[in-house]
Amino acid sequence: DIRKVVQVLEQTAREVLTVLQSVHQPSGFKEIPGKCAKARELFCTVRTQMAELKTKFPVEQYYRFHEHWRFVLQRLAFLSAFVVYLESEALVTREEVVQILGIEVVREKGFHLDVEDYLAGVLIMASELARLAVNSVTAGDYSRPIRISNFINELDSGFRLLNLKNDPLRKRYDGLKYDVKKIEEVVYDLSIRGLAKEPESGGDK
Amino acid sequence: PCTQRKDILHKDASAVMTNTVVGGIMVSYDFFQQELDTRHDKYERLVKISRDVTIESKRTIFLLHRVTSVQDTEDLLNEAEAKLDGVRQKIGQIAEELRGEDIYQFHRAFTPGIQEYVEAASFLHYIRHRSLISLEEINARLVFMRTEKADPRGPEALPLGAQVLTFQVTPSDYLLGVADLTGELMRMCISSVGNGDIDTPFQLSQFLRQIHDGFSYIGNTGPYEVSKKLHTLRQSLGKVEDACYALRVRGSEIPKHMLADVFSSRTTIIDPEEGVV
């Protein structure tokens, strides 16, 4: 039963992903708000599906079945983080994710979002942003990579505060430095060419 | 000859069956042996054809890669088309072998060849039309007219009287072939960068992104191999995006050095502020 609901959730998550992937297209950059709105709509479906998932098992046995939805929950955390970043260029708080997905922050109140899953979602977003930085240059948007760089650097120092154990989350965190490096290279490329400051005089089509 | 033997054996079987049980077992195992041998032979033949299909398709793909550096593309494309016709003949042989059989029973024997064919056919289609060939279009070209002749190889190939023979590419073969296609497109992108072609990489990156989005929509609901390919697809896409990025960044300084050479016959100085592309 749980598995069935989770499968439906995964399908919706992929739909959201497909909508958001189009921001990588050159034409997609102008349509970011529209894409986000569409993604938000799909999150409504996610909320009803989440509500259904909650009915499938007793609340106190969350961790017994955790593995079943862990993957999709991380994905959803990533997607909500990505939407929020595209909208406001800020990091989602855990509360916001929880609100978008229609679940709880703390364990006592019912179906909640584990910290690790939240952090994993944020890390997935980091690599997506590294890609976005590259593609925004291709699309002629030279200021975005610098904003992304600042954001990712902040994120990186944030993660450095954490004492991670040798677990999947740690492994994923190790990937972050490559994302940081990639974005730094983009910023470097832009700044030695003087494209960093004056986006309007640069290579606009 | 085989069918005759079967008949004889059959008579023997009924005769022996009434007498001893042991003999009955022997006879029925004799049948099993025949059945299995026939099946294995067919399987081997299919593997052989499939391998030919793979090789020829690969060559076609190599041929198509020259498209970036050759002047008369049309000739080259026609040559590739001719090669693919040859491949289709081979697939016709597969279809013939499979007549009256359950296609999935022997699927594993020819799936590599078919995937390679899909890859080659879709690559050609992309170069011609800059779009993705559909499964229907592929299947539509795999209809074969049979001139009826006695098939000496398979004893079960009774004249069915079927004149039209079709080969259906399974959806998963199609998907896997398309996933392979992205690898070729990535190579094409890199080589066209090498040739100073600046438009193609951007077109390719858009196209690849669309395929990638399509595949990520399927995600892990598809067959297992598809999700494996998705990973490679991501890498190819990353490379193409990086290439476009490099072009974009370098593009704004190229006018002074390299591109100036390309355009030197026409213009004298290109305004460095004016980006390329």
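This is a predicted model: local features need pLDDT of at least 70, side-chain atom pairs count only at pLDDT 80 or more; totals for chains, interfaces and linings use all residues.
**The interface**
- Chain A puts 30 residues into the contact and chain B puts in 25.
- On the chain B side, B:Tyr217, B:Tyr245 and B:Arg248 lose the most area to chain A, and together they make up 31% of what that side buries.

**Polar links across it**
- Eight residue pairs are in polar contact between chain B and chain A, both partners being at pLDDT 80 or more.
- Two salt bridges are counted between the chains, and one of them joins A:Arg131 to B:Glu241, with the closest N and O atoms 2.9 Å apart.

**What chain B brings**
- Helices α7 (199-218) and α8 (224-251) of chain B each supply at least two residues of the side touching chain A.
- The top contributor on that side is α7(B), with nine residues.
- By residue type, the chain B side splits into eight nonpolar, nine polar and eight charged.

**Two positive phi values**
- Most residues other than glycine have a negative phi, so the next two are worth a look.
- A:Glu89 has a positive phi near 55 degrees; it sits in the loop between α3 (66-88) and α4 (94-101) of chain A and is partly exposed, at 27% relative accessible area.
- Over in chain B, B:Arg130 has a positive phi of about 55 degrees without being a glycine. B:Arg130 lies in the loop between α4 (107-129) and α5 (135-140), and its 34% relative accessibility makes it partly exposed.

How values were computed: Residues are numbered from 1 along each chain as its sequence is written. Chains are lettered from A and ligands numbered from 1 in the order in which they are written. Side-chain values use heavy atoms; hydrogens and water are left out. Helices (H or I, at least four residues) and strands (E, at least two) are DSSP runs, numbered from the N terminus. Buried means under 20% relative accessible area, exposed over 50%, partly exposed in between (1.4 Å probe, protein chains only). Contact means heavy atoms within 4.5 Å. Buried area is the accessible area (1.4 Å probe) that two parts lose on being put together, summed over both. A salt bridge is a side-chain nitrogen of Lys or Arg within 4 Å of a carboxyl oxygen of Asp or Glu. A polar contact is a pair of N or O atoms within 3.5 Å; within protein, one must be able to donate a hydrogen and the other to accept it, and residues adjacent in sequence count only if both atoms are side-chain atoms. Ala, Val, Leu, Ile, Met, Phe, Trp, Tyr, Cys and Pro count as nonpolar, Asp, Glu, Lys and Arg as charged, and the others, Gly among them, as polar.
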